[in-house]
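Let's take a friendly walk through one protein model. Please look at the sequence and the 3D view first, and then read on.

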Amino acid sequence: MTSISRGDVAHLARLSRLELSDSELDSFARQLTDILDHVQAVSEVAADDVPAMSHPTAISNVYRADVVTPGLTPEQALDQAPAADQQRFEVPQILGEEA
């Protein structure tokens, strides 16, 4: 069983520039130890004849072909806009910002 100490977590926190409280150091040490225990358990079960995979079923690419098509002109894009100014959508002012 691999164990992560409170000191290990404190060292990693310093390297990551994280400020952790004493209770967080203890909690993370327990959580990381649990994670390593689970990884070790899975490693013991994994058989050499079972290939590694990221998904239980095969995945295939479902993207469409990348075909260049003409886009909208500014006039077409703004045709149904409630308000437009200088080929841009005009929207209400928010948060009292100056224009």
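## Contacts and overall form

Among the contacts in the protein chain with a separation of 6 or more, 34% join residues 24 or more positions apart; a contact means heavy atoms within 4.5 Å. This is a predicted model, in which local features need pLDDT of at least 70 and side-chain atom pairs count only at pLDDT 80 or more, while totals for chains, interfaces and linings use all residues. Residues are numbered from 1 along each chain as its sequence is written, and side-chain values use heavy atoms, with hydrogens and water left out.

The order of elements along the sequence is α-α-α-β-β, with helices (H or I, at least four residues) and strands (E, at least two) taken as DSSP runs numbered from the N terminus. The C-alpha trace spans about 65 × 45 × 20 Å along its principal axes. Of the 99 residues, 8% are buried, where buried means under 20% relative accessible area, exposed over 50%, and partly exposed in between (1.4 Å probe, protein chains only).

Which residues are linked in a network of salt bridges? They are Arg6, Asp22 and Asp26. A salt bridge here is a side-chain nitrogen of Lys or Arg within 4 Å of a carboxyl oxygen of Asp or Glu.

Asp22 pairs with Arg6, their closest N and O atoms being 2.8 Å apart. This pair links helix H2 (residues 22-45) with helix H1 (residues 6-15). Arg6 also meets Asp26, again at 2.8 Å from N to O, and these two residues are 20 residues apart. Asp22 is exposed at 53% relative accessible area, whereas Arg6 is partly exposed at 34% and Asp26 is partly exposed at 32%.
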